Number of protein chains: 2
Amino acid sequence: MVIREHGTPAPSLRERKRERTRQALVDAAAEMFERKGYDETTVAEIAAAAEIGTRTFFGYFASKEDILFPDSDARARTTIEAIVNRDPAEGPVDVLVRALETVAETDADMVSPMAAVRMRLFRTVPAVRGKALQIQMSAQQEIARALQAAFPDELDRVGAAALTGALTGAVNSALDALMDDEDAATVALDADRLRERVQQATELALRTWRS
Amino acid sequence: MVIREHGTPAPSLRERKRERTRQALVDAAAEMFERKGYDETTVAEIAAAAEIGTRTFFGYFASKEDILFPDSDARARTTIEAIVNRDPAEGPVDVLVRALETVAETDADMVSPMAAVRMRLFRTVPAVRGKALQIQMSAQQEIARALQAAFPDELDRVGAAALTGALTGAVNSALDALMDDEDAATVALDADRLRERVQQATELALRTWRS
DNA sequence: CAGCTAACTTGCACTCAATGCAAACTCGCA
DNA sequence: TGCGAGTTTGCATTGAGTGCAAGTTAGCTG
């Protein structure tokens with residue numbers, strides 16, 4: 001008998017197996033990217049390390065880049081969820097700030113081994129940087145949409161985009177600065193420091209916002 | 001005797017020839033992307049249409065995507081230039097707003113044939129969307145850096161990122177909305193309407209900013 | 001103008017990501 | 001037990017992108 005949560009149906013053998021393979025791929029890729037570099041690691045090698053056929057890799061990830069972001073929409077999803085479950089007494093700015101803080105507190109992917117590898121590759125491999133920026137931008141747009149839907153009277157489309165742009169811009173910049181100072185791997189694994197920085201960034205953005 | 005501007009040294013035959021070939025490539029690509037679609041057009045075909053060898057294409061553009069953005073850093077360059085040549089009496093917010101308006105007024109690439117094709121592909125081809133978002137994001141970061149450098153006392157790094165994020169987010173959203181309403185080609189070629197929209201967006205962002 | 005150099009062009013061979021297809025295999029269920 | 005849907009895999013193929021080496025051309029200099 002497997003312990004299981006309420007609400008999540010029992011994962012079948014198939015699903016568990018698939019999840020295990022998926023994780024094996026991510027781990028293998030992280031290790032090899034770290035050791036040999038991104039461009040120097042081929043999809044065939046990753047697949048071989050996870051003991052599956054090359055062709056099968058593409059049944060798990062649509063592209064080589066995608067394995068770097070195994071749960072790419074988690075951040076946007078959590079943020080939007082926090083916006084939906086907002087405190088009705090709060091205004092748009094506070095709701096968004098709180099949502100971003102919630103993400104910093106709960107995002108498990110931020111402290112995964114792959115996250116550390118990703119941060120290092122972000123600075124050196126154009127393809128990785130590009131993919132990351134793209135995901136970031138899409139997330140920002142989705143969040144803006146959700147925020148506008150939550151405050152149809154207070155915000156119009158452009159206003160929501162401005163607000164979201166300011167806050168995510170601030171958070172990004174703060175994380176970027178953090179990476180300048182310290183080793184990427186350390187940053188990725190130190191969740192407390194991350195959380196602290198996000199909070200500082202949102203506060204600073206607000207001060208700029210109101211001045 | 002060729003008429004030439006002051007300040008720009010006479011382009012040599014080599015340079016003129018190279019520029020002509022480059023333009024031929026862009027024109028050929030725009031036409032074929034429009035007619036057959038992006039994925040359905042190969043680099044070899046574009047090169048053949050411009051009457052050069054396939055290998056030579058990569059001497060002009062580093063990748064197939066790059067030909068869609070023949071002057072990708074023009075926008076950032078113009079914006080930063082406007083920040084550098086700012087009115088010393090104005091504060092950071094006004095300077096940035098004015099800089100974005102200047103770009104909307106002078107950006108020649110916005111009304112090129114390739115721009116129209118690009119806008120259409122942006123919505124349908126993931127690779128194109130990705131590249132565009134990536135360029136956009138890099139520009140945003142560069143602009144934030146320039147703004148902070150121009151106002152070291154008023155803004156810190158995170159504050160500059162917040163301000164820049166708000167304005168560019170607003171402008172993006174406004175242009176996006178404009179594209180929803182009308183045909184992409186029309187938008188690209190109607191510089192007046194574009195300019196008007198950018199102005200509306202910055203005004204709206206400011207109103208949100210101050211509320 | 002002869003001739004040299006550096007920049008540019010090109011073909012060739014090669015690597016690798018990514019996809020379509022068809023055959024084999026396996027879990028889940030009746 | 002056996003059927004059907006979901007998975008795995010190999011094979012063949014396409015197309016982007018690179019390194020190299022040989023050829024071509026612009027532009028300069030004596």
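Residues are numbered from 1 along each chain as its sequence is written, while chains are lettered from A and ligands numbered from 1 in the order in which they are written. Because the model is predicted, local features need pLDDT of at least 70 and side-chain atom pairs count only at pLDDT 80 or more, whereas totals for chains, interfaces and linings use all residues.

Chain A contains ten helices and zero strands; helices (H or I, at least four residues) and strands (E, at least two) are DSSP runs, numbered from the N terminus. Of the 211 residues in chain A, 37% are buried. A residue is called buried if 20 or more other C-beta atoms lie within 10 Å of its own, exposed if 12 or fewer, and partly exposed in between, with C-beta atoms placed from the backbone. Two residues are in contact if their C-beta atoms, placed from the backbone, lie within 7 Å. Among contacts in chain A between residues at least 6 apart in sequence, 68% join residues at least 24 apart.

Between the chains, 29 residues of chain A are in contact with 27 residues of chain B. On the side of chain A that touches chain B, two or more residues come from each of α7 (126–150), α8 (157–181) and α10 (191–210), and α8(A) gives the most, with 16 residues. The copies meet through the same surface, because 93% of the interface residues of chain A are also interface residues in chain B.

In chain B, helix α8 (residues 157–181) has 25 residues and reaches 36 Å from its first C-alpha to its last. This is close to the 36 Å expected at 1.5 Å a residue, where the expected span is 1.5 Å times one less than the number of residues. α8(B) is mostly covered, with 18 of its 25 residues buried.

A nonpolar core is a set of buried Ala, Val, Leu, Ile, Met, Phe, Trp, Tyr and Cys residues joined through C-beta atoms within 7 Å. The largest such core has 57 residues, and those with the most contacts inside it are L147(A), L163(A), L96(B), L147(B) and L163(B). Helices α4 (74–84), α5 (92–106), α7 and α8 of both chain A and chain B give two or more residues to this core. Not counting residues up to four places away in sequence, L96(B) touches L147(B), L163(B), T164(B) and L167(B). Another core, of 48 residues, lies apart from the largest one and includes A28(A), A47(A), A29(B) and L133(B).
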